Amino acid sequence: MINSYRSLNGTVVLVVLGGFALATGVSAQTIPELQQGLTVQFESDSAGVQQAPQAAEVGRVVALICPRGALDPAVTLGGDLQARCNELVGAADRPAVGEALLEWAPEEAATQGSMNVDIGNAQFKNIGARLAALRGGIGRGNLAGLDYGSALGGAASADSGFSRLGFFVNGDLQFGDKDATARESGFDFDSRGVTAGLDYRLSDRSVVGAAFGFSNADADIDNNGGNLDADGYSLSLYGSFYPTDTTYVDVSLTRGWNEFEQRRNIVFNAGTPVSQVASSNPDGDYWTGSIGAGMQFNRQAWTYGPHARFEVTRADVDGFAETLSNPAAAGNGLALRINDQSFRSTTLALGGSVSYAMSTGWGVLLPMADLEYVHEFSNDGDSITGTFVNDPTATAFNLQLDDGDSSYFRVGFGASAQFAHGRSAFVYYQGLLGYEDLSSHSISAGLRLEF
């Protein structure tokens, strides 16, 4: 098989026959020229594909390892990797090479980081919903100045209607989509989370609690790029404190663990049809901490006030090596080894909420609404680094990812209901506004019992 390697100084022909390479007019000194010329060609040819920078970065690695594997006796690439590499270089003057390079690139792995953070956020929102209920008088009587006693026949007295121990179960359904960009694939996602916990009222001005959560999430990557499934578990500690009748401070800390199953489709034809599925099963974990404070004012049946919340999230995904679906078929040498990934988020949310207490024959109904402005301090894009499993030189690629939006809004509305004997329930919707390339919606619901 004859492949044409084009350098800036002309054309050099490598004849590869049965794994034995003969170089014509090529020496070790010309390899850098080959690398530079091939990189320029790959970058140019990749310009028409959607994630051109990622295809060009993989092209850079191919331009480094392919000539060395063919010319340097000390370097032996895996058989299929060298064959695909030679084939790709031989097709460097054809439009198909850009699309092929994008199939080699693992930009789909960015979905793991997104889902790792989203799963943590789902559990965090469930804890936040419980804290909001405690603030609003549900679960702590008339501490905020809301007297439900008459509506509940006296059952909601702060001294007698509510015991110190409370149990809750909150569920969260989240769904949305991310648009494709120059650096990342688009995908649709949905997740489901449930959190159950116990809290204890230390006094009329302090509550502490603990909760356990489980989440399941999945994402379908655009253009038949593959899919991702994730299961997650979490433990949370939280507390709410009321320095005065109109002020509060909330704190929470969540530790979570996730298990991923990713399938990345590799389908292209640069001379030999390739159809493989690269599978991986990395683990992930995260920490999320928050401290918030606010004020609540009452005017007849209305309760309203501002709040601020500072959140820090650290999420990590362990490194992994892919396995391919058909080890005997073309493309079996394209498995990748991806290094550890780390994600950081530090946000400040400023907003306000309002609710209205409506007495009914069965209890109290509280419609509510909330609006927040969120500023992200650490929104620099991360990167995906790794190597080809069958590359003994371990030449690394580095795929830069998108920066996150630094400013956006959260809006929410819903209702809670307070029944006799300390029982309550709620349903709540929350969505993002003004977040570029991302839409996200969640619906939460929960039940609470007091003992």
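## Exposure and the charged patch

A residue is buried under 20% relative accessible area, exposed over 50%, and partly exposed in between. This model is predicted. In it, Asp283 has a relative accessible area of 38%, so Asp283 is partly exposed. The residue is found in strand β10, which covers residues 283–295.

Asp283 also belongs to a patch of negative charge on the surface. Glu259, Asp318 and Asp340 gather there with Asp283.

## The nonpolar patch

Which residues make the nonpolar surface patch? They are Leu165, Leu198, Tyr200, Leu202, Val208, Phe241, Leu449 and Phe451.

Tyr200 is found in β5. Its relative accessibility is 40%, so Tyr200 counts as partly exposed.

## A four-stranded sheet

Four strands form an open sheet. Their order is β13-β15-β19-β20, and the pairing is antiparallel. The edges are held by β13 (320–321) and β20 (397–400). Each has a single partner strand, so one side of each is left without a neighbour in the sheet.

How many bridges pair β19 with β20? There are four, in the antiparallel sense. Strand β19 spans residues 383–388. Across this pairing, Ile384 stands opposite Leu399 in β20.

Terms used:
Residues numbered from 1 in each chain as written. Predicted model: local features only at pLDDT ≥ 70, side-chain atom pairs only at ≥ 80, totals over all residues. Heavy atoms only, no water. Patch = residues over 30% accessible without salt bridge, like charges linked within 9 Å, V, L, I, M, F, W, Y side chains within 5 Å. Areas by Shrake-Rupley, 256 points an atom, 1.4 Å probe, with all protein chains shown as cover. Salt bridge = Lys/Arg side-chain N within 4 Å of Asp/Glu carboxyl O. Lys, Arg positive; Asp, Glu negative; His and termini not counted. Charge placed at Lys NZ, Arg CZ, Asp CG, Glu CD. Helix = DSSP H or I, 4+ residues; strand = E, 2+ residues; numbered from the N terminus. Buried < 20%, exposed > 50% of the residue type's maximum accessible area, 1.4 Å probe, protein only. Pairing = 2+ DSSP bridges.
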